[in-house]
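Please look over the model shown here. A short briefing follows, grouped by topic.

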Amino acid sequence: MDGPTSNRRSVPGAQSVARAARLLRLVTSAGDDGMPVAELARRAELTRPTAHRLLTALRHEGLVDQDERSGLWMPGPELYLMGSVAASRYDITGIARDIVRSLAVRTEESAFLSVRRGDETVCLLREEGSFPIRSFVLSEGVRFPLGVASAGLAILSFLPPHDVDAYFERHPGLAGEWGAPHGEGRLRARLRDTQERGYAVNPGLIVEGSYGLGAAVFSREGHPQWALSLTGVEFRFGPDRLPELGRTLLAHAHQLTTRIAATR
C-alpha cells in the first residue's frame, strides 16, 4: 500500500534526509540548553555512531553546533538565517503577540501560541500570567505530538476525519510513550468532547497537576494550523472557572483567526 513511508523509501537519499531532519528537530527543541549525542540518538531511534555522523555533517553545513566544553549539540547559525527568510511566509508571531499577551493578562495564566508542523505542534510564543504559581510544561521551541498537549488536541479535533484516521495509523504507540489516556479510543473521546465544547482540556495528563486549555486558530482556507493555549495549576482550572477561561480563550482564538484572514 502506498503511503508516506513507502514514498520516502522510493526516493534516493530520502532516509538520510529524514534522519537528519529528525535530529535537527530534536536539537532545536533543546534550544540553548543543548542535548548530548546519546540522548539525540535514543530519541531519534538511531545508533550513536549514525547520529554522530549525521550531526557532524550538519555541523559542517552550519545547521548545528557543538559546545566544545560540554559536548552538547545546539542549533547552528545557518538555521537562524534560514528561519529569517522563511519567517515572512510562515511566522504569525508579529500579528499574534498582542493577542497572546492580552490572553495572559485577562486570565492571569500563562498563554501560548503553537503552530502545527506535520504531526507535531511547536510552541512559538509564551506570555507569563500574573498569577504567581505557574506551569512550565511549555516554552518556545517545545514540541508535542498532535493530541498530547491541549494545543495539539485542539488542532487534531478539527482536522478532517480521514486526516485523523491517518494520524492514528501513523502513530500506534502514543499510549506507550505518553500513557494510557493517549490510546486511540480515549483520545478519540477527547476529540469529540473538544469538538462539542469548542476548546480542548488537558487535565494534567502530561505533568500531574498542570492543566491546559487549547483552541484552534484557522488559516484563510479553514485549516486548523495554529492554536492558542493556557496552562496553570489544577485548582485554577476548576469547574467554577473553566467555562469563563474557555470563553476567553475562544474569543482570542477567533480574533487571531480573523486577523490572519485579513492579513495573509
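Between which helices is the loop that holds Glu-45 found? Glu-45 sits in the loop between helix H3 (37-44) and H4. The model is predicted. Its chain has 11 helices and eight strands.

**Whole chain**
- The chain has 264 residues, and 45% of them are buried.
- Take the contacts between residues at least 6 apart in sequence: 55% of them join residues at least 24 apart.

**Positive phi outside glycine**
- Glu-45 has phi near 60°, a positive value in a residue other than glycine.
- The relative accessible area of Glu-45 is 72%, so Glu-45 is exposed.
- Glu-108 also has a positive phi, near 70°, and is a residue other than glycine.
- Glu-108 belongs to the loop between helix H6 (93-107) and strand E3 (110-117).
- Glu-108 is partly exposed, because its relative accessible area is 35%. Partly exposed runs from the 20% cut-off for buried to the 50% cut-off for exposed.

**Helix H2 against helix H4**
- The axes of helix H2 (residues 14-30) and helix H4 (residues 48-60) come within 10 Å. They cross at roughly 80°.
- H2 and H4 are therefore roughly perpendicular to each other. The range for that label is 65 to 115 degrees.
- H2 brings Ser-16, Arg-19, Ala-20, Leu-23, Leu-24 and Val-27 to the contact. H4 brings Thr-50, Ala-51, Leu-54, Leu-55 and Leu-58.
- By class, the contact of H2 with H4 has eight nonpolar, two polar and one charged residues.

**His-252 in helix H11**
- His-252 lies in helix H11 (residues 242-263).
- Is His-252 buried or exposed? Its relative accessibility is 4%, so His-252 counts as buried.
- Leaving out residues up to four places away in sequence, His-252 touches Ile-99, Ser-102, Leu-103, Arg-106 and Leu-228.

**Ala-180 in a loop**
- Ala-180 is in the loop between helix H9 (174-178) and helix H10 (184-197).
- Ala-180 counts as exposed because its relative accessibility is 51%. The cut-off for exposed is over 50%.
- Which residues does Ala-180 touch, not counting those up to four places away in sequence? They are Ala-175 and Arg-186.
- Ala-180 and Leu-205 are 25 residues apart in sequence. Their C-alpha atoms are 9.7 Å apart in space.

Note on methods. Residues are numbered from 1 along each chain as its sequence is written. This is a predicted model: local features need pLDDT of at least 70, side-chain atom pairs count only at pLDDT 80 or more; totals for chains, interfaces and linings use all residues. Side-chain values use heavy atoms; hydrogens and water are left out. Helices (H or I, at least four residues) and strands (E, at least two) are DSSP runs, numbered from the N terminus. Buried means under 20% relative accessible area, exposed over 50%, partly exposed in between (1.4 Å probe, protein chains only). Contact means heavy atoms within 4.5 Å. Axes are lines fitted to C-alpha atoms, for helices over the stretch in contact, and angles run from 0 to 180 degrees between N-to-C directions. Angles under 35 degrees count as roughly parallel, over 145 as roughly antiparallel, 65 to 115 as roughly perpendicular and the rest as oblique. Ala, Val, Leu, Ile, Met, Phe, Trp, Tyr, Cys and Pro count as nonpolar, Asp, Glu, Lys and Arg as charged, and the others, Gly among them, as polar.
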